Amino acid sequence: MCLIQQNEGDVEQRRRGWARGGKLSVFCCCLACALADLSYALFAPFFPSLAVSRGVSHAAVGAVFAQPMLVMLMLTPLAPRLIQYAGCNRVLLVGMLIQSISVLAFAFIERLEEPLHFTIAALLLRSVQGGASAFFETAAGSLVMRAVPENMVGDAIGWTEAARGLGSLGGPPLGGLLFQTAGFEAPFLAAGGAMLLMNGVQLVIALSKTSTSAALLPPADASATASKASSSPWRMLQMPPIAAGAFICTCFLIAISFLDPSLQPEMKARFGMGPAQVGLLFGTLILAYILLSLVAGATASRLGSLLQLNLGIALTGLGYIALGPIPLLPHGERFQSVPQVAAAMAVIGLGAGLGYVPMTNLMLAAARSTGRRVDEISDALSAIVNFSFCVGAAAGPWIGGVLVQFAGFDWASSILGMCMLSLPAFSLPFMLSASRALKRSKLQPAHAATD
(Lines give C-alpha, C1' and ligand atoms only; values in the text may rest on other atoms or scores of the structure.)
Protein backbone atom coordinates (compact mmCIF):
# COMPACT_ATOMS: atom_id res chain seq x y z
CA MET A 1 0.00 0.00 0.00
CA CYS A 2 2.81 2.41 0.87
CA LEU A 3 4.50 1.72 -2.46
CA ILE A 4 1.25 2.36 -4.31
CA GLN A 5 0.72 5.64 -2.46
CA GLN A 6 4.33 6.64 -3.21
CA ASN A 7 3.85 5.88 -6.92
CA GLU A 8 0.62 7.89 -6.94
CA GLY A 9 2.47 10.80 -5.31
CA ASP A 10 5.28 10.57 -7.88
CA VAL A 11 2.76 10.55 -10.75
CA GLU A 12 0.93 13.58 -9.35
CA GLN A 13 4.21 15.44 -8.78
CA ARG A 14 5.31 14.79 -12.37
CA ARG A 15 1.96 16.00 -13.70
CA ARG A 16 2.21 19.24 -11.70
CA GLY A 17 5.79 19.72 -12.91
CA TRP A 18 4.72 19.17 -16.52
CA ALA A 19 1.93 21.72 -16.18
CA ARG A 20 4.10 24.34 -14.42
CA GLY A 21 7.20 24.37 -16.58
CA GLY A 22 8.05 20.93 -17.88
CA LYS A 23 6.98 21.80 -21.41
CA LEU A 24 9.53 24.59 -21.59
CA SER A 25 12.26 22.30 -20.23
CA VAL A 26 11.50 19.61 -22.81
CA PHE A 27 11.38 22.17 -25.62
CA CYS A 28 14.75 23.62 -24.60
CA CYS A 29 16.34 20.16 -24.33
CA CYS A 30 15.03 19.22 -27.79
CA LEU A 31 16.29 22.50 -29.26
CA ALA A 32 19.69 21.97 -27.64
CA CYS A 33 19.92 18.46 -29.13
CA ALA A 34 18.93 19.84 -32.54
CA LEU A 35 21.68 22.48 -32.36
CA ALA A 36 24.23 19.86 -31.27
CA ASP A 37 23.46 17.58 -34.22
CA LEU A 38 23.35 20.58 -36.55
CA SER A 39 26.86 21.53 -35.44
CA TYR A 40 28.07 18.02 -36.34
CA ALA A 41 26.64 18.10 -39.85
CA LEU A 42 26.98 21.71 -40.99
CA PHE A 43 30.54 21.38 -42.37
CA ALA A 44 29.80 18.33 -44.54
CA PRO A 45 29.26 20.30 -47.80
CA PHE A 46 32.53 22.27 -47.75
CA PHE A 47 35.09 20.86 -45.30
CA PRO A 48 36.28 17.81 -47.32
CA SER A 49 37.22 19.77 -50.44
CA LEU A 50 38.75 22.61 -48.41
CA ALA A 51 40.83 20.19 -46.30
CA VAL A 52 42.06 18.29 -49.35
CA SER A 53 43.03 21.57 -51.02
CA ARG A 54 45.12 22.32 -47.92
CA GLY A 55 47.06 19.08 -48.37
CA VAL A 56 45.07 16.89 -45.93
CA SER A 57 44.60 13.28 -47.04
CA HIS A 58 41.17 11.76 -47.66
CA ALA A 59 41.79 9.30 -44.83
CA ALA A 60 42.46 12.15 -42.41
CA VAL A 61 39.28 13.91 -43.55
CA GLY A 62 37.33 10.73 -42.84
CA ALA A 63 38.93 10.55 -39.40
CA VAL A 64 37.79 14.12 -38.66
CA PHE A 65 34.21 13.12 -39.49
CA ALA A 66 34.36 9.91 -37.42
CA GLN A 67 36.23 11.28 -34.40
CA PRO A 68 33.26 12.62 -32.38
CA MET A 69 31.39 9.34 -32.64
CA LEU A 70 34.43 7.35 -31.52
CA VAL A 71 34.90 9.58 -28.46
CA MET A 72 31.19 9.34 -27.65
CA LEU A 73 31.44 5.55 -27.79
CA MET A 74 34.18 5.60 -25.17
CA LEU A 75 32.68 8.20 -22.81
CA THR A 76 28.91 7.62 -22.93
CA PRO A 77 29.03 4.64 -20.50
CA LEU A 78 30.62 6.97 -17.93
CA ALA A 79 27.88 9.61 -18.21
CA PRO A 80 25.41 8.14 -15.66
CA ARG A 81 28.08 8.04 -12.95
CA LEU A 82 29.00 11.69 -13.59
CA ILE A 83 25.32 12.70 -13.61
CA GLN A 84 24.80 10.90 -10.32
CA TYR A 85 27.80 12.68 -8.81
CA ALA A 86 27.34 16.21 -10.21
CA GLY A 87 23.63 16.39 -10.99
CA CYS A 88 21.78 16.30 -14.29
CA ASN A 89 21.58 20.06 -14.79
CA ARG A 90 25.25 20.71 -14.10
CA VAL A 91 26.30 18.03 -16.59
CA LEU A 92 23.88 19.42 -19.17
CA LEU A 93 25.01 23.03 -18.76
CA VAL A 94 28.75 22.34 -18.63
CA GLY A 95 28.52 19.89 -21.56
CA MET A 96 26.65 22.43 -23.68
CA LEU A 97 29.17 25.13 -22.77
CA ILE A 98 32.19 23.00 -23.71
CA GLN A 99 30.56 21.90 -26.96
CA SER A 100 29.66 25.45 -27.96
CA ILE A 101 33.23 26.63 -27.25
CA SER A 102 34.68 23.79 -29.35
CA VAL A 103 32.37 24.70 -32.25
CA LEU A 104 33.36 28.37 -31.99
CA ALA A 105 37.05 27.44 -31.88
CA PHE A 106 36.67 25.34 -35.04
CA ALA A 107 35.94 28.54 -36.95
CA PHE A 108 39.58 29.60 -36.64
CA ILE A 109 41.46 26.47 -37.69
CA GLU A 110 41.49 27.72 -41.28
CA ARG A 111 44.22 30.14 -40.21
CA LEU A 112 46.60 27.21 -39.61
CA GLU A 113 48.76 26.94 -42.71
CA GLU A 114 50.51 23.61 -42.09
CA PRO A 115 48.38 20.57 -43.10
CA LEU A 116 49.54 18.64 -40.02
CA HIS A 117 48.61 21.46 -37.65
CA PHE A 118 45.28 21.90 -39.41
CA THR A 119 44.49 18.18 -39.09
CA ILE A 120 45.55 17.92 -35.44
CA ALA A 121 43.47 20.96 -34.50
CA ALA A 122 40.42 19.59 -36.30
CA LEU A 123 40.77 16.18 -34.65
CA LEU A 124 41.25 17.68 -31.18
CA LEU A 125 38.27 20.01 -31.44
CA ARG A 126 36.03 17.27 -32.83
CA SER A 127 37.18 15.01 -29.98
CA VAL A 128 36.22 17.67 -27.44
CA GLN A 129 32.89 18.09 -29.18
CA GLY A 130 32.23 14.35 -29.07
CA GLY A 131 33.25 14.10 -25.42
CA ALA A 132 30.98 16.97 -24.42
CA SER A 133 28.11 15.45 -26.40
CA ALA A 134 28.53 12.09 -24.66
CA PHE A 135 27.63 13.71 -21.33
CA PHE A 136 25.39 16.52 -22.55
CA GLU A 137 23.08 14.38 -24.71
CA THR A 138 22.80 11.67 -22.05
CA ALA A 139 21.81 14.32 -19.50
CA ALA A 140 19.33 15.88 -21.93
CA GLY A 141 17.69 12.51 -22.64
CA SER A 142 17.43 11.77 -18.92
CA LEU A 143 16.03 15.22 -18.20
CA VAL A 144 13.36 14.83 -20.87
CA MET A 145 12.27 11.47 -19.41
CA ARG A 146 11.93 13.04 -15.96
CA ALA A 147 10.12 16.18 -17.12
CA VAL A 148 7.02 14.49 -18.54
CA PRO A 149 4.29 12.32 -17.01
CA GLU A 150 5.18 8.66 -17.31
CA ASN A 151 2.50 7.99 -19.93
CA MET A 152 4.18 10.61 -22.16
CA VAL A 153 7.77 9.34 -21.97
CA GLY A 154 7.44 7.74 -25.42
CA ASP A 155 6.15 10.98 -26.92
CA ALA A 156 9.01 12.93 -25.36
CA ILE A 157 11.61 10.51 -26.75
CA GLY A 158 10.00 10.91 -30.16
CA TRP A 159 10.23 14.69 -29.91
CA THR A 160 13.90 14.43 -29.02
CA GLU A 161 14.62 12.14 -31.96
CA ALA A 162 12.70 14.43 -34.31
CA ALA A 163 14.77 17.38 -33.06
CA ARG A 164 18.03 15.51 -33.62
CA GLY A 165 16.91 14.49 -37.09
CA LEU A 166 15.94 18.08 -37.87
CA GLY A 167 19.41 19.23 -36.84
CA SER A 168 21.07 16.58 -39.00
CA LEU A 169 18.81 17.48 -41.93
CA GLY A 170 19.28 21.24 -41.63
CA GLY A 171 23.02 21.23 -40.91
CA PRO A 172 24.44 20.63 -44.40
CA PRO A 173 22.28 23.15 -46.34
CA LEU A 174 22.70 25.82 -43.64
CA GLY A 175 26.44 25.23 -43.43
CA GLY A 176 26.82 25.34 -47.20
CA LEU A 177 24.80 28.56 -47.45
CA LEU A 178 26.76 30.35 -44.70
CA PHE A 179 30.08 29.16 -46.12
CA GLN A 180 29.16 30.35 -49.60
CA THR A 181 27.97 33.77 -48.45
CA ALA A 182 30.28 34.60 -45.53
CA GLY A 183 33.25 32.22 -45.57
CA PHE A 184 34.63 29.38 -43.46
CA GLU A 185 34.14 30.98 -40.05
CA ALA A 186 30.46 31.89 -40.45
CA PRO A 187 28.84 28.42 -40.00
CA PHE A 188 30.76 27.66 -36.82
CA LEU A 189 30.29 31.11 -35.30
CA ALA A 190 26.55 30.93 -35.98
CA ALA A 191 26.14 27.41 -34.57
CA GLY A 192 28.41 28.01 -31.57
CA GLY A 193 26.72 31.31 -30.79
CA ALA A 194 23.28 29.71 -30.95
CA MET A 195 24.44 26.98 -28.57
CA LEU A 196 25.85 29.56 -26.14
CA LEU A 197 22.52 31.39 -26.22
CA MET A 198 20.70 28.11 -25.60
CA ASN A 199 23.04 27.42 -22.71
CA GLY A 200 22.06 30.72 -21.16
CA VAL A 201 18.37 29.93 -21.54
CA GLN A 202 18.88 26.54 -19.87
CA LEU A 203 20.75 28.23 -17.02
CA VAL A 204 17.86 30.66 -16.47
CA ILE A 205 15.40 27.76 -16.40
CA ALA A 206 17.55 25.83 -13.94
CA LEU A 207 17.81 28.83 -11.60
CA SER A 208 14.16 29.80 -11.84
CA LYS A 209 12.15 28.99 -8.73
CA THR A 210 9.06 28.39 -10.83
CA SER A 211 10.66 25.79 -13.12
CA THR A 212 9.58 22.19 -13.14
CA SER A 213 10.99 19.61 -10.79
CA ALA A 214 12.67 18.06 -13.81
CA ALA A 215 14.63 21.24 -14.41
CA LEU A 216 15.71 21.61 -10.79
CA LEU A 217 15.98 18.04 -9.68
CA PRO A 218 14.96 17.43 -6.08
CA PRO A 219 17.60 16.06 -3.76
CA ALA A 220 17.55 12.30 -3.75
CA ASP A 221 17.12 10.36 -0.56
CA ALA A 222 19.43 7.54 0.45
CA SER A 223 17.26 4.79 -1.02
CA ALA A 224 16.97 6.58 -4.35
CA THR A 225 20.73 7.11 -4.45
CA ALA A 226 21.34 3.42 -3.76
CA SER A 227 18.82 2.45 -6.42
CA LYS A 228 20.54 4.71 -8.95
CA ALA A 229 23.86 3.15 -8.12
CA SER A 230 22.40 -0.29 -8.81
CA SER A 231 20.86 0.99 -12.08
CA SER A 232 24.15 1.31 -13.94
CA PRO A 233 24.07 0.76 -17.70
CA TRP A 234 26.01 -2.50 -17.43
CA ARG A 235 23.66 -3.95 -14.83
CA MET A 236 20.60 -2.91 -16.80
CA LEU A 237 22.05 -4.52 -19.93
CA GLN A 238 22.06 -7.83 -18.07
CA MET A 239 18.26 -7.76 -18.38
CA PRO A 240 17.42 -9.58 -21.66
CA PRO A 241 14.65 -7.16 -22.78
CA ILE A 242 16.96 -4.15 -22.36
CA ALA A 243 19.86 -5.90 -24.11
CA ALA A 244 17.52 -6.87 -26.97
CA GLY A 245 16.22 -3.29 -27.17
CA ALA A 246 19.76 -1.90 -27.31
CA PHE A 247 20.58 -4.32 -30.13
CA ILE A 248 17.45 -3.29 -32.07
CA CYS A 249 18.35 0.37 -31.55
CA THR A 250 21.79 -0.32 -33.00
CA CYS A 251 20.21 -2.09 -35.99
CA PHE A 252 17.93 0.88 -36.69
CA LEU A 253 20.91 3.25 -36.70
CA ILE A 254 22.86 0.86 -38.94
CA ALA A 255 19.92 0.98 -41.34
CA ILE A 256 19.90 4.80 -41.31
CA SER A 257 23.67 5.19 -41.85
CA PHE A 258 24.24 2.09 -44.02
CA LEU A 259 24.01 4.03 -47.29
CA ASP A 260 26.32 6.92 -46.38
CA PRO A 261 29.38 5.73 -48.37
CA SER A 262 27.61 3.88 -51.19
CA LEU A 263 24.42 5.66 -52.27
CA GLN A 264 26.13 8.56 -54.07
CA PRO A 265 28.39 6.47 -56.36
CA GLU A 266 25.55 4.01 -57.06
CA MET A 267 23.06 6.74 -57.98
CA LYS A 268 25.68 8.46 -60.14
CA ALA A 269 26.38 5.21 -62.01
CA ARG A 270 22.73 4.22 -62.31
CA PHE A 271 21.01 7.52 -63.03
CA GLY A 272 23.79 10.11 -63.45
CA MET A 273 22.67 11.94 -60.29
CA GLY A 274 24.80 14.71 -58.82
CA PRO A 275 25.58 15.38 -55.14
CA ALA A 276 22.63 17.74 -54.68
CA GLN A 277 20.15 15.16 -55.99
CA VAL A 278 21.65 12.43 -53.80
CA GLY A 279 21.39 14.83 -50.87
CA LEU A 280 17.67 15.11 -51.55
CA LEU A 281 17.39 11.31 -51.37
CA PHE A 282 19.10 11.31 -47.97
CA GLY A 283 16.81 14.19 -46.97
CA THR A 284 13.79 12.08 -47.91
CA LEU A 285 14.89 9.37 -45.47
CA ILE A 286 15.62 11.80 -42.63
CA LEU A 287 12.43 13.80 -43.19
CA ALA A 288 10.33 10.64 -43.04
CA TYR A 289 12.14 9.67 -39.84
CA ILE A 290 11.40 13.09 -38.31
CA LEU A 291 7.70 13.01 -39.19
CA LEU A 292 7.16 9.52 -37.78
CA SER A 293 9.19 10.27 -34.65
CA LEU A 294 6.84 13.16 -33.86
CA VAL A 295 3.76 10.92 -33.79
CA ALA A 296 5.30 7.55 -32.89
CA GLY A 297 4.55 7.93 -29.18
CA ALA A 298 0.85 8.61 -29.82
CA THR A 299 0.50 5.78 -32.33
CA ALA A 300 2.28 3.35 -29.99
CA SER A 301 -0.35 4.00 -27.31
CA ARG A 302 -3.02 2.97 -29.81
CA LEU A 303 -1.35 0.16 -31.74
CA GLY A 304 0.69 -1.20 -28.85
CA SER A 305 4.44 -0.76 -28.55
CA LEU A 306 5.35 -4.31 -29.55
CA LEU A 307 3.16 -4.32 -32.67
CA GLN A 308 4.45 -0.92 -33.76
CA LEU A 309 8.07 -1.97 -33.16
CA ASN A 310 7.70 -5.01 -35.39
CA LEU A 311 5.87 -2.94 -38.01
CA GLY A 312 8.77 -0.48 -38.02
CA ILE A 313 11.30 -3.31 -38.39
CA ALA A 314 9.29 -4.80 -41.26
CA LEU A 315 9.01 -1.48 -43.11
CA THR A 316 12.74 -0.83 -42.75
CA GLY A 317 13.59 -4.30 -44.10
CA LEU A 318 11.14 -4.04 -47.00
CA GLY A 319 12.49 -0.60 -47.88
CA TYR A 320 16.00 -2.00 -48.28
CA ILE A 321 14.79 -4.98 -50.29
CA ALA A 322 12.97 -2.58 -52.63
CA LEU A 323 16.00 -0.27 -52.84
CA GLY A 324 18.17 -2.90 -54.56
CA PRO A 325 15.86 -4.34 -55.61
CA ILE A 326 16.60 -7.87 -54.47
CA PRO A 327 18.34 -9.60 -57.41
CA LEU A 328 16.19 -12.74 -57.01
CA LEU A 329 13.04 -10.87 -58.03
CA PRO A 330 12.02 -11.58 -61.64
CA HIS A 331 12.43 -8.56 -63.92
CA GLY A 332 13.82 -6.56 -60.99
CA GLU A 333 15.44 -4.12 -63.36
CA ARG A 334 12.00 -2.77 -64.23
CA PHE A 335 11.79 -1.27 -60.74
CA GLN A 336 15.06 0.61 -61.00
CA SER A 337 13.94 4.24 -61.22
CA VAL A 338 14.47 7.44 -59.27
CA PRO A 339 10.90 7.49 -57.86
CA GLN A 340 11.36 3.88 -56.71
CA VAL A 341 14.60 4.77 -54.94
CA ALA A 342 13.00 7.83 -53.32
CA ALA A 343 10.01 5.74 -52.19
CA ALA A 344 12.31 3.07 -50.76
CA MET A 345 14.31 5.71 -48.87
CA ALA A 346 11.08 7.15 -47.47
CA VAL A 347 9.90 3.70 -46.34
CA ILE A 348 13.24 3.11 -44.57
CA GLY A 349 12.88 6.43 -42.72
CA LEU A 350 9.24 5.71 -41.86
CA GLY A 351 10.14 2.28 -40.50
CA ALA A 352 13.01 3.56 -38.36
CA GLY A 353 10.94 6.43 -36.97
CA LEU A 354 7.99 4.13 -36.31
CA GLY A 355 10.03 1.54 -34.44
CA TYR A 356 12.56 3.57 -32.45
CA VAL A 357 10.16 5.13 -29.93
CA PRO A 358 8.17 1.99 -28.95
CA MET A 359 11.44 0.12 -28.54
CA THR A 360 12.49 2.68 -25.94
CA ASN A 361 9.08 2.37 -24.28
CA LEU A 362 9.58 -1.38 -23.94
CA MET A 363 13.07 -0.94 -22.50
CA LEU A 364 11.72 1.55 -19.97
CA ALA A 365 8.89 -0.82 -18.99
CA ALA A 366 11.33 -3.70 -18.52
CA ALA A 367 13.51 -1.54 -16.24
CA ARG A 368 10.52 -0.33 -14.24
CA SER A 369 9.29 -3.90 -13.74
CA THR A 370 12.10 -4.26 -11.20
CA GLY A 371 10.37 -1.69 -8.98
CA ARG A 372 12.49 1.34 -9.88
CA ARG A 373 11.06 4.72 -10.76
CA VAL A 374 11.75 6.61 -13.98
CA ASP A 375 13.91 9.11 -12.07
CA GLU A 376 16.13 6.27 -10.88
CA ILE A 377 16.70 4.61 -14.26
CA SER A 378 16.56 7.53 -16.70
CA ASP A 379 20.32 8.27 -16.56
CA ALA A 380 21.35 4.69 -17.30
CA LEU A 381 18.65 4.15 -19.93
CA SER A 382 19.57 7.37 -21.72
CA ALA A 383 23.22 6.29 -21.74
CA ILE A 384 22.29 2.87 -23.17
CA VAL A 385 20.22 4.42 -25.95
CA ASN A 386 22.94 6.98 -26.79
CA PHE A 387 25.63 4.31 -26.78
CA SER A 388 23.56 2.10 -29.10
CA PHE A 389 23.00 5.15 -31.31
CA CYS A 390 26.74 5.74 -31.56
CA VAL A 391 27.52 2.07 -32.27
CA GLY A 392 24.95 1.92 -35.07
CA ALA A 393 25.97 5.26 -36.57
CA ALA A 394 29.64 4.20 -36.56
CA ALA A 395 29.08 0.61 -37.76
CA GLY A 396 26.51 1.37 -40.48
CA PRO A 397 28.84 3.04 -43.03
CA TRP A 398 31.54 0.42 -42.43
CA ILE A 399 29.15 -2.52 -42.88
CA GLY A 400 27.60 -0.86 -45.92
CA GLY A 401 30.98 -0.19 -47.53
CA VAL A 402 32.21 -3.77 -46.99
CA LEU A 403 29.00 -5.39 -48.25
CA VAL A 404 28.83 -3.18 -51.34
CA GLN A 405 32.48 -3.89 -52.14
CA PHE A 406 32.10 -7.68 -51.94
CA ALA A 407 28.46 -8.23 -52.96
CA GLY A 408 27.42 -5.17 -54.96
CA PHE A 409 24.82 -2.55 -54.11
CA ASP A 410 21.75 -4.65 -54.95
CA TRP A 411 22.78 -7.63 -52.85
CA ALA A 412 24.14 -5.44 -50.02
CA SER A 413 20.80 -3.62 -49.67
CA SER A 414 18.87 -6.87 -49.90
CA ILE A 415 21.06 -8.61 -47.31
CA LEU A 416 20.48 -5.80 -44.82
CA GLY A 417 16.75 -5.88 -45.58
CA MET A 418 16.55 -9.61 -44.94
CA CYS A 419 18.54 -9.24 -41.71
CA MET A 420 16.09 -6.59 -40.52
CA LEU A 421 13.12 -8.81 -41.39
CA SER A 422 14.63 -11.67 -39.37
CA LEU A 423 15.23 -9.45 -36.35
CA PRO A 424 11.89 -10.13 -34.56
CA ALA A 425 12.61 -13.87 -34.53
CA PHE A 426 15.57 -13.26 -32.20
CA SER A 427 14.19 -10.42 -30.09
CA LEU A 428 10.48 -11.28 -29.85
CA PRO A 429 10.68 -13.47 -26.69
CA PHE A 430 12.46 -10.70 -24.77
CA MET A 431 10.26 -7.93 -26.15
CA LEU A 432 7.14 -9.91 -25.18
CA SER A 433 8.18 -9.86 -21.55
CA ALA A 434 8.79 -6.11 -21.79
CA SER A 435 5.39 -5.68 -23.47
CA ARG A 436 3.70 -7.50 -20.58
CA ALA A 437 5.55 -5.26 -18.13
CA LEU A 438 4.35 -2.19 -20.08
CA LYS A 439 0.74 -3.40 -19.92
CA ARG A 440 1.02 -4.02 -16.18
CA SER A 441 2.39 -0.51 -15.63
CA LYS A 442 -0.58 0.96 -17.52
CA LEU A 443 -2.97 -1.06 -15.36
CA GLN A 444 -1.27 -0.05 -12.11
CA PRO A 445 -3.42 3.07 -11.44
CA ALA A 446 -6.54 0.93 -11.68
CA HIS A 447 -5.15 -1.51 -9.13
CA ALA A 448 -4.16 1.34 -6.88
CA ALA A 449 -7.66 2.69 -6.96
CA THR A 450 -9.17 -0.63 -5.97
CA ASP A 451 -6.70 -1.08 -3.11
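Visitor: What makes the charged end of R164 count as sitting over the ring of F389?

Guide: The charged end of R164 lies 4.1 Å from the centre of the F389 ring. A charge sits over a ring if NZ of Lys or CZ of Arg is within 6 Å of the ring centre and within 35 degrees of the ring normal. This is a predicted model, in which local features need pLDDT of at least 70, side-chain atom pairs count only at pLDDT 80 or more, and totals for chains, interfaces and linings use all residues. Residues are numbered from 1 along each chain as its sequence is written, and side-chain values use heavy atoms, with hydrogens and water left out.

Visitor: How many aromatic pairs are there?

Guide: The count comes to three, where rings of Phe, Tyr and Trp (its six-membered ring) pair if their centres lie within 6.5 Å; planes under 30 degrees apart are stacked, over 60 edge-to-face and the rest tilted. One of them joins F184 and F188, with centres 5.1 Å apart and planes at 45 degrees, a tilted pair.

Visitor: Why is the pair of F258 and Y320 called edge-to-face?

Guide: Its planes stand at 85 degrees and its ring centres are 5.6 Å apart, so the pair is edge-to-face. F258 and Y320 are both buried, that is, under 20% relative accessible area, against over 50% for exposed and in between for partly exposed (1.4 Å probe, protein chains only).

Visitor: Which residues do ring pairs link into a cluster?

Guide: The cluster consists of F106, F184 and F188. Of these, F184 and F188 are buried.
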